[in-house]
Amino acid sequence: MLDLLLPQRCAVCGCGGSQLCAGCREDLPRLEPPHCARCGAPTEWPVERCRECAGRRLAFATARAAVGYDEAARRLVHAWKERGLRRLATEAAQLVAERLPPPAVEALAFVPSDRGRRLVRGHNPAERLALELAAVWELPCLPLLERTRGGRQRGSSAAERRTVRGAFRATGVAPRRVCVIDDVYTTGATANAAASALRKAGARRVEVIAFARALRRG
Ligand SMILES: [Zn+2]
Ligand SMILES: [Zn+2]
């Protein structure tokens, strides 16, 4: 509720009027095909596996994102996560729904935040995004995952690489086809750990959808 009362400033450029101005919304780098069929990395031509994911055991069938994680997307995600600006979660969900077709799954799940962060922020950005998308796509959103231990940092690639297998477990039996929602896909380690936990709990096919995706240079 609080963000309704605060003066509205664009999270990216700081101009007044709204939390994401029309110009900055327009300029967010939409991810376009061709891309890697598996991990969604932009590629020169359509490929089944790319440099980023070749040779990796991946528990998810596909990973997709709406925008590249550039400086503007980073600012938007930061304001949404750290300042709890709900309207930005709605904007992020709209951008995802504009870019990506609804996944052919029985339910959406989300990457749980670690307890410390949830306590500090009072919300889980991935959960908020999943709830917004569930409403748009008319799918149930289920709390299918929990962390096996807390205190891990997320957000940087180095930190994410430390997110080891077994970081999550399912809270019960998973539907056969599930889509895991996260705010940012960085190295894929988090998505993979989440998908792996759902597979162990009975899911046959796990898709991953994130708002933004880190782009490898070069
Ligand atoms: Zn702006
Ligand atoms: Zn790939």
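Q: In this predicted model, what does "buried" mean, and which residues of strand β2 are buried on the side away from Ala107 and Ala109?
A: A residue counts as buried when its relative accessible area is under 20%. Strand β2 covers residues 107-110, and both of its faces are covered. Ala107 and Ala109 are buried on one side; on the other, the buried pair is Leu108 and Phe110.

Q: Which residue in β5 is the bridge partner of alanine 109?
A: Let's start with the strands: β2 and β5 (residues 177-185) run parallel, joined by four bridges. Alanine 109 sits in β2, and across in β5 its bridge partner is valine 180.

Q: Which residues touch the most other members of the largest nonpolar core?
A: Nonpolar side chains tend to be buried together in soluble globular proteins. Here the largest nonpolar core has 40 residues. Elements giving it two or more residues include β2, β5 and α6. The ones touching the most other members are Trp80, Leu108 and Phe211.

Q: How far apart are the end C-alpha atoms of α6?
A: Helix α6 has 13 residues, and at 1.5 Å a residue it should span 18 Å. The model agrees with that, because the distance between its end C-alpha atoms is 18 Å.

Q: Which backbone nitrogen does a side-chain oxygen of asparagine 124 reach at the start of α6?
A: The oxygen comes to within 3.1 Å of that nitrogen. The nitrogen belongs to a residue that is buried in α6, namely alanine 126.

Methods: Residues are numbered from 1 along each chain as its sequence is written. Chains are lettered from A and ligands numbered from 1 in the order in which they are written. This is a predicted model: local features need pLDDT of at least 70, side-chain atom pairs count only at pLDDT 80 or more; totals for chains, interfaces and linings use all residues. Side-chain values use heavy atoms; hydrogens and water are left out. Buried means under 20% relative accessible area, exposed over 50%, partly exposed in between (1.4 Å probe, protein chains only). Two strands pair if DSSP finds at least two bridges between them. A nonpolar core is a set of buried Ala, Val, Leu, Ile, Met, Phe, Trp, Tyr and Cys residues joined through side-chain atoms within 4.5 Å. The expected span of a helix is 1.5 Å times one less than its number of residues. A polar contact is a pair of N or O atoms within 3.5 Å; within protein, one must be able to donate a hydrogen and the other to accept it, and residues adjacent in sequence count only if both atoms are side-chain atoms.
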